[in-house]
Amino acid sequence: MREHLDQTDRRLVKLLSQDAQLGVNRLAEKMAISVPTVRSRLRNLIDRNLLKIVGLLNLTERPELISAIVGINAQGRGQARQLAERIAELPFVNSASVVTGRFDIIVDVTVAGDVADLYRITSELIPGAGVPGEVVRSETFVVMASCNKWVSLPEGCWSDETPARKEMP
């Protein structure tokens, strides 16, 4: 069962969500608590995998990146979460979520390259994350314009090794 954050942790996360560059001293000052308390709480949130501090990129301002949403229908009742977990580990995948509605899983993808790279990810990598026949069908929605879409780059984007071509046959 997921536990709820207490008020102090929620305030800390909110301040970092507004400005992740705030140092521990400034956070302590804004929250009116001690520096060691802030450090301890930060470490605890990070260690429990409840908080991740990353740089986000404004996707709207990066024309060399392609963003897409992939809707997946999966076979195998009760196994959607396991498939989503495997998909989430793939290069170029920001997230994979089990959802309600006409799809079982929604995947957020960012590629640095061209539409051919996106095609290889959606037609080979994602279906390959499941056992044969587990991914029944998928539908890809290329983002043409977005408002306030900030992303952390998934593994594979802007790497020196060009994993889109190296990892895929």
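Predicted model: local features only at pLDDT ≥ 70, side-chain atom pairs only at ≥ 80, totals over all residues.
Charged side chains make a handy starting point. Side chains of opposite charge can pair when their charged atoms come close. In this model, the count of salt bridges comes to 11. One of them joins Arg41 and Asp6, with 2.8 Å from N to O. This pair links distant parts of the chain: Arg41 sits in helix α3 (residues 35–47), while Asp6 belongs to the segment before α1, 35 residues apart. Arg41 also meets Asp9 in a salt bridge, this time at 3.0 Å from N to O. Here Arg41 in helix α3 is paired with Asp9 in helix α1, so the bridge ties together parts that are 32 residues apart in sequence. Put together, Asp6, Asp9 and Arg41 form a linked network of salt bridges.

How open are these three residues to the outside? Arg41 counts as partly exposed, at 24% relative accessibility, and Asp6 is partly exposed too, with a relative accessible area of 34%. Asp9, on the other hand, counts as buried because its relative accessibility is 8%, which falls under the 20% cut-off.

Another salt bridge turns up elsewhere in the chain, between the side chains of Lys149 and Asp108 (3.3 Å, N to O). Again the pair links distant parts: Lys149 lies in the loop between β5 (135–142) and β6 (150–151), and Asp108 lies in strand β4 (residues 105–112), 41 residues apart.

Next comes Asn73, which is found in strand β2 (residues 65–74). Asn73 is buried, with a relative accessible area of 15%. What does Asn73 touch, leaving out residues up to four places away in sequence? The list is made up of Arg102, Phe103, Asp104, Glu134, Val135, Val136 and Arg137. With Arg102 there is a polar detail to spot as well: a polar atom of the Asn73 side chain lies 2.8 Å from the backbone oxygen of Arg102.

Last up is Ala20, in the loop between α1 (7–18) and α2 (24–31). Ala20 is partly exposed because its relative accessible area is 36%, a value between the 20% and 50% cut-offs. Ala20 and Ile53 are 33 residues apart along the chain, yet their C-alpha atoms are separated by 6.8 Å.

Conventions:
Residues numbered from 1 in each chain as written. Heavy atoms only, no water. Helix = DSSP H or I, 4+ residues; strand = E, 2+ residues; numbered from the N terminus. Buried < 20%, exposed > 50% of the residue type's maximum accessible area, 1.4 Å probe, protein only. Polar contact = N/O pair within 3.5 Å; in protein donor to acceptor, adjacent residues only side chain to side chain. Contact = heavy atoms within 4.5 Å. Salt bridge = Lys/Arg side-chain N within 4 Å of Asp/Glu carboxyl O.
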